[in-house]
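Visitor: I'd like a close look at just one part of this model, please. Take your time and walk me through it.

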Amino acid sequence: MCRGKELLVFNLILSKSVQRIRPQEWKLILNGAGRALRVSDGLKQSILKRQSLQIFMRGLKPVGIATTDIFPCTFQGIKTVCIFTGNTFIESPYRGRNFIQLYALLTYIKVRCRYPFRKLYWYYASNGYKSYL
C-alpha cells in the first residue's frame with residue numbers, strides 16, 4: 001500500500017559497449033563517480049579500456065557502474081572463460097540493494113549459455129570492499 005506520493009522504484013542494469021557511450025552519459029557517469037568516490041581522474045580512460053559498461057539505475061537515476069570484459073582463453077591447456085569486473089562504484093545511499101549480485105547472476109547465466117562446458121574464472125578488481133556491497 002502506497003502512502004502519499006511514494007512510487008514503486010525498480011533496480012535496473014543497463015549494459016552497453018563502452019565505445020557507444022554518448023557525451024551526456026559520460027557526464028552522468030563522471031558526476032556520479034565524483035560524488036561516490038570524491039575523485040574521478042582517469043576513470044574515463046580506464047573505462048575505455050574495457051568491453052562493456054553496466055550502469056546501475058534506481059528508477060531513472062544512475063547510481064553506480066561496473067565495467068566488464070568477457071573473453072575465452074586457454075589456461076594450462078584447458079579451455080576457459082575469463083571475466084574481469086572493475087571500475088565499480090555504487091553511491092552510498094544505494095549500497096546494499098543487490099545491484100552487484102543481480103549483475104553477477106545475469107552475467108553468469110549469459111556466459112554459461114554461450115560457453116556451457118568451459119571452466120569459468122572471474123576476477124574482481126576493487127579499491128575497497130564498499131565497491132561490492
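Visitor: Which strands and which helix each supply at least two residues of the lining of the second largest pocket?

Guide: Strands S1 (11-17), S2 and S3, plus helix H3 (99-114), each supply at least two lining residues. Quick housekeeping: this is a predicted model, where local features need pLDDT of at least 70, side-chain atom pairs count only at pLDDT 80 or more, and totals for chains, interfaces and linings use all residues. Residues are numbered from 1 along each chain as its sequence is written, and side-chain values use heavy atoms, leaving out hydrogens and water.

Helices (H or I, at least four residues) and strands (E, at least two) are DSSP runs, numbered from the N terminus. A pocket here is an open set of points on a 1 Å grid over the protein atoms alone where a 1.4 Å probe fits, with protein on both sides within 12 Å along at least five of seven lines; lining residues have an atom within 4 Å of a point. This one holds about 150 Å³, a volume being the space filled by probe spheres set on the points, with points joined across faces, edges and corners.

H3 gives the largest share of the lining, four residues. By class that's four nonpolar, five polar and one charged (Ala, Val, Leu, Ile, Met, Phe, Trp, Tyr, Cys and Pro are nonpolar; Asp, Glu, Lys and Arg charged; the others, Gly among them, polar).

Now for S2 (residues 52-58). Six of its seven residues are buried, so the strand is largely enclosed by the rest of the structure (buried is under 20% relative accessible area, exposed over 50%, partly exposed in between, with a 1.4 Å probe and protein chains only). Seven bridges join S2 to S3 (61-75), and the two run antiparallel; DSSP must find at least two bridges for strands to pair. Phenylalanine 56 sits opposite glycine 64 of S3. The hairpin they form has two residues between the strands, and glycine 59 takes a positive phi near 65° there.

Glutamate 91 is buried at 7% relative accessibility, while lysine 61 is partly exposed at 36%.
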